[in-house]
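Please have the model open while reading.

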Amino acid sequence: MTLHPLLAQLLTPNRHAVIFAVKGVISMALALLVSMYLQLDRPYWALVSAVFLQIRPESGLVIEKALCQISGSVVGGGVGILILAFFMPYPLLALACLTLWIGLNSAASSMVHNTNFIYAFAMSGMTAGLVVIMVMANASAADGQAVFDIAQSRISEITVGALCAMLVSQLLWPVTVKDSLRSHSRNVINKTLEYLSLELDPNSTHEQRHQHADQILETLVVLNDDSSAVAYEGPEGPGRSRAATLLCNKVMSLLAVTQIMGRFPRNHPDLVSKAFSNLLADMRVLFIRIAEADSYEESYRQAQALRRALLEHKAAYVNESAIVIRLTQTAVELVADLVMVLRAYNALENRDQTLLKASRLKTHRDPLVGIVNGFRTAVVFAIGATIWLGTGSPAAIMLMIMPVVFSVMFARFSLVVLTFMLRRLLLGVVVAIPVALFFGLGLLSRSSGDFEMLVLVLAGPYFIGLLALADRPTLPYGLGFCIPFTLIVQPGNHMTFSTDVATSNALGLFVGISILYWVFKLITPLDGQLMQRRLLKATARDLTAIDYQHRPENWLNGRMGERLLRLANYDQGSGSPNRDMTDLGFTGLNIGHMSIRLRRRIKNHRSAEVDAKLAQWQQVLADTYLLSARGEINARFRKVSAELLAAVHATKEPDSQTATVEGMFERIALTFERTAKTIAEAKNPTSSSEQSAPPVIAA
């Protein structure tokens, strides 16, 4: 019988989870001790701060999150002071401004992918809310000094919690981001090599290839996010950050080139010679050997040997077509990128000063997503504010604040994942309420209330909650337990042990999280098909902007990384087995790289006429990409390609570089035609007898 993930985590915790929970309890105990010693107003906010830092406990990530937490709190506190400075006599206007600020923070958080940066926006909204609401809750005693004192207290409490968690993370059983970077990098390289071999395997299935591609993209995004945190881990940190960024960027290049090497022979076997087919078979065997090598040195040696073998193979060609020569050159470029990936992996452990800096994978920023997320979080806060104004209950403050934090943190997830997470979060709250009321407050009300007794009573529940927090499947349970438990018990110097207040706070938290759940159900994330179309249009815009970039390949890789993952997630969410939109995303990456390589080929044949034709060709390339995504063929692409080729040949005699340009144009044209046919068949499957064939595009 399989145990529920939460029960399995609590009944059979692994060594990592136990160490994590012990460190978390020590962090929270230290935060409580320091805040009580400093006589801070509400020490329990320091505990809340420390809890949030237990998510991803690697030292570099903890430092980064602590800095984000503190900076977000300072900004939020400053905004809260400004709102009160202008609108203290007008509470409705003050709440309206606060709602707008919280919505703006939620919208801005949609423009980043790194969880720590998202958390900074959540803290900014939360701190501003705490300052404004706590002043308004006691408006009769409010003046300029009171406003400043409340803001200072909230920032101090959150800062104490962050610094204590950071200190414990560094001193006790430290876990580094460097180790996880090495693990993720090794995993993504092996998955990429397996993907390369699958693409070159004529017997592999469409689903197998996509499963590997999805896993590669997911790991790349995690690796890219973590690369910013490793910079905080000692003097070697910035170098490791650059190496991880380069590795991510070059893996994107490998994915782009792989589309050519594997899919073109499958779609157009009549255009592939026997010599080239043998070359692909040899490459597949060598990719498997590189993946199975037991050391970096062996992998690197075999990759270099493969590159030399490809050059020798190309030199031995006799009467091969332009397209085969071009594909062989593409194979050489693929292996060159693989060599750079291996060097970047080695640089995560050993410094390599010769590696160039590459662009990070950029978050796809869609203003429409930001507007929806900002509006949803503003609605959550506005509902809480309305209840507070109508009842005047202090417990409604909890209803206003914590759901806002969770709304910002969870906004980037799909509706399916959100529903799953919010249900587990709500269940954690349901468990936390009786534990806090009957165990926490019940025991503490009979004790002396000093620090030692607080730690003895609270350590047990926190240890169990942190065990749940240690594992990703059970994380929402742990978060839903630890935060409400803290806010209900409210440990500190001057605890009142009031059952009425504690019960009221518990009810406020439960109602707030319930409201959050239903608001997310009513104001759902944007439709997958709409977002996929917007992602493809953004890709087409990038295709037209390639000429304006200093390092276009790095720039395009950085732009396409998260975009491809989003397309893959939308495809998975739709339940469609065809994965057409994911294929279209890879097609965009592929033709973008082809247009960049075209510029390298013709750099010695540029003229005013060639430049004009090239600009026209690039625009038609983007237009044809969008037309093929709708299932339409653009006959103009072949015409414009022929005009550009004629202009290149008119400028200067063809050489070894321009000899493969014609093959490049033909390959891209075949890709577009195959893409349009596949999409058209998917839209109207009854119109073709080939409807059961798996769609294979991006030759």
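The sections below begin with the basis of the model and then take each feature in turn.

## Basis

This is a predicted model, in which local features need pLDDT of at least 70 and side-chain atom pairs count only at pLDDT 80 or more, while totals for chains, interfaces and linings use all residues. Residues are numbered from 1 along each chain as its sequence is written, and side-chain values use heavy atoms, with hydrogens and water left out.

Helices (H or I, at least four residues) and strands (E, at least two) are DSSP runs, numbered from the N terminus.

Axes are lines fitted to C-alpha atoms, for helices over the stretch in contact, and angles run from 0 to 180 degrees between N-to-C directions. Angles under 35 degrees count as roughly parallel, over 145 as roughly antiparallel, 65 to 115 as roughly perpendicular and the rest as oblique. Contact means heavy atoms within 4.5 Å. In the residue classes, Ala, Val, Leu, Ile, Met, Phe, Trp, Tyr, Cys and Pro are nonpolar, Asp, Glu, Lys and Arg are charged, and the others, Gly among them, are polar.

Helix H13 (residues 322-347) and helix H22 (residues 580-601) cross at roughly 105°, their axes coming within 13 Å. That makes H13 roughly perpendicular to H22. On the H13 side, Arg326, Gln329, Glu333 and Asp337 meet Met594, Arg597 and Arg601 of H22. This contact of H13 with H22 has 1 nonpolar, 1 polar and 5 charged residues.

Helix H20 (residues 528-544) packs on H22 at an angle of about 5°, with the axes 10 Å apart. H20 and H22 are therefore roughly parallel to each other. Gln532, Leu536, Thr539 and Leu543 of H20 meet Met581, Leu584, Gly585, Gly588, Ile591 and Gly592 of H22. The contact of H20 with H22 holds 5 nonpolar, 5 polar and no charged residues.

## Aromatic pairs

Rings of Phe, Tyr and Trp (its six-membered ring) pair if their centres lie within 6.5 Å; planes under 30 degrees apart count as stacked, over 60 as edge-to-face and the rest as tilted. The whole structure has 11 aromatic pairs. The ring centres of Phe406 and Phe410 are 5.9 Å apart and the planes are at 15°, so the pair is stacked. Both residues lie in helix H15, 4 residues apart, about one turn of the helix.

## Second largest pocket

On a 1 Å grid over the protein atoms alone, a cavity is a set of points where a 1.4 Å probe fits but cannot get out, and a pocket is an open set with protein on both sides within 12 Å along at least five of seven lines; lining residues have an atom within 4 Å of a point. Grid points are joined across faces, edges and corners, and a volume is the space filled by probe spheres set on the points.

The second largest pocket has a volume of about 770 Å³. Of its 37 lining residues, Arg42, Tyr44, Gln490, Val501 and Asn505 lie nearest its centre. Elements giving two or more residues to this lining include helix H3 (44-52), helix H15 (396-410) and helix H19 (499-522). The lining has 24 nonpolar, 10 polar and 3 charged residues.

## Cavities

The count comes to 2 cavities of 30 Å³ or more. The largest cavity has a volume of about 90 Å³. Its lining residues include Val25, Leu47 and Tyr462, and H17 gives the most, with 5 residues. The lining divides into 10 nonpolar, no polar and no charged residues.

The second largest cavity has a volume of about 60 Å³. Lys23, Ser27 and Ala165 are among the residues that line the second largest cavity. H7 supplies the largest share of this lining, 3 residues.
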